[in-house]
Amino acid sequence: MKNSPLAPAYCFVLASLLWSFGANLVYFFLNFHLEALGYGRQAIGLAQALLLLVGVVFALPLAYLIPRLGYLRSLHLAFLLAVLGGLLLGLGVWVFPGLTAYGLAGTLLQGAAAPLMARLVPPERRVALFSLQAALTTASGFVSTLLAGFLSEWVGARWVLLFSLPFFLLAVPLVLGLPEGEGRAPRLRGRFGVWLRLLLPQVVIGFGAGLVIPFLNLFLKEKFGLTYGTTGAIFALSALATGLAMALQPLLVGRLGKLGAIVFVQALSLPFLAALAWAPWLPVVTFALLVRGALMNAAGPVYAALVMDYLPEEERPGFFLVEGGLWSLLFALASALSGVVQEALGLRAFDYLFGLTLLLYALGIALWPWAFGRLRHAYLGSQAQDPPVLKP
């Protein structure tokens, strides 16, 4: 293991697992925590929006800072900010500054993690590594979400977020010995068309997701009168199913290619989204939640690996930050809009919100072949100094 070229990659995957364990506690229980602090539904929607808008504001500055600061130092700063933000949130003091710090930590991680992973393994191993990392970090939500549900019954929803802090701290030693990676500032002149095609399907889907995904726990709890523990158990199973689907993605990529795998799993998720929205029986809704989340999110690591095929290294941190920023902007706007609609219509609002989400998901999925098909054709016919195109 010591002499294995994959050892640093495994250290990073383990650090990601610990980070995600804490992050899943925050993600799943933030809405309930804010409710316990006395915030209304509209304020919760604005809090979700702020958490994501931080990524929008800092995307371009960090696109130039991270290559100079280095991927590892960027990760260290992300861990520090996550602990600070989690502490403020968990104690219920300076909640919105705490959300800002926590959101900035996630933005740093988003800009540094994928380019660092791409350096740790050769190109032909990227899909396997990205899928393993995504599968384990997502499946960790099974344990952390169950834990959140049980902790809420034990210590109350008011204090659950504090239990995320030890996991952020435990991840730090695992990344201390990784090889540093510093890049050059991106040169983006003439790259607008390429980036637009790489981004458009993802951000359309992001707006649709923002309308309902941050509120699924509240939706299920209100519609079926569930306890915190039961809601936590359902979302824990969803994380486990998503992690399993991500682990199987390399097999699907081998048969359909990267682009085909993305379109296949996301299109297959749409009927289950409809069942989640409108089925009146909890077992059906639970099954739909598990399958929809597994299929829709399984494409994430394949998308990250596919993007690497079209971008030189100096563009990668900036791209993932801009992609995350745009996705977060639309996700945040949709979350804020959703909070207003829910405040006005109550549970009935979800009928309209799910319908719009379904339409936007279908549009985003239809854009994948248009975006990447044209890019592949352009690169195959070009003699430019872009990286060679692998099978998409």
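Of the 392 residues in the protein, 55% come out as buried, meaning under 20% relative accessible area with a 1.4 Å probe and protein chains only (over 50% is exposed, in between is partly exposed). The model is a predicted one, so local features need pLDDT of at least 70 and side-chain atom pairs count only at pLDDT 80 or more, while totals for chains, interfaces and linings use all residues. Residues are numbered from 1 along each chain as its sequence is written, and side-chain values use heavy atoms, with hydrogens and water left out.

The fold holds 13 helices and 0 strands, where helices are DSSP runs of H or I with at least four residues, strands are E runs of at least two, and both are numbered from the N terminus. Taking contact as heavy atoms within 4.5 Å, 85% of the contacts between residues at least 6 apart in sequence join residues at least 24 apart. The accessible surface is about 16000 Å², and 70% of that belongs to carbon and sulfur atoms; the areas come from the Shrake-Rupley method with a 1.4 Å probe, and for residues only the protein chains shown count as cover.

On to the inside. A nonpolar core here is a set of buried Ala, Val, Leu, Ile, Met, Phe, Trp, Tyr and Cys residues joined through side-chain atoms within 4.5 Å. The largest has 126 residues, and Trp19, Phe319, Phe354 and Phe372 touch the most other members. Leaving aside residues up to four places away in sequence, Phe319 touches Trp195, Leu198, Leu199, Tyr303, Val307 and Leu311. Apart from this core lies another of 6 residues, Ala134, Ala245, Met246 and Ala298 among them.

Helix H11 (residues 282–308) is mostly covered, with 21 of its 27 residues buried.

Asn217, in helix H8 (residues 216–224), counts as buried because its relative accessibility is 4%. Its side chain makes a polar contact of 3.4 Å with that of Asn31 (N or O atoms within 3.5 Å; within protein, one able to donate a hydrogen and the other to accept it, with sequence-adjacent residues counted only if both atoms are side-chain atoms). Leu62 belongs to helix H2 (residues 41–69) and is buried at 6% relative accessibility. The C-alpha atoms of Leu62 and Ala112, 50 residues apart along the chain, are separated by 9.6 Å.
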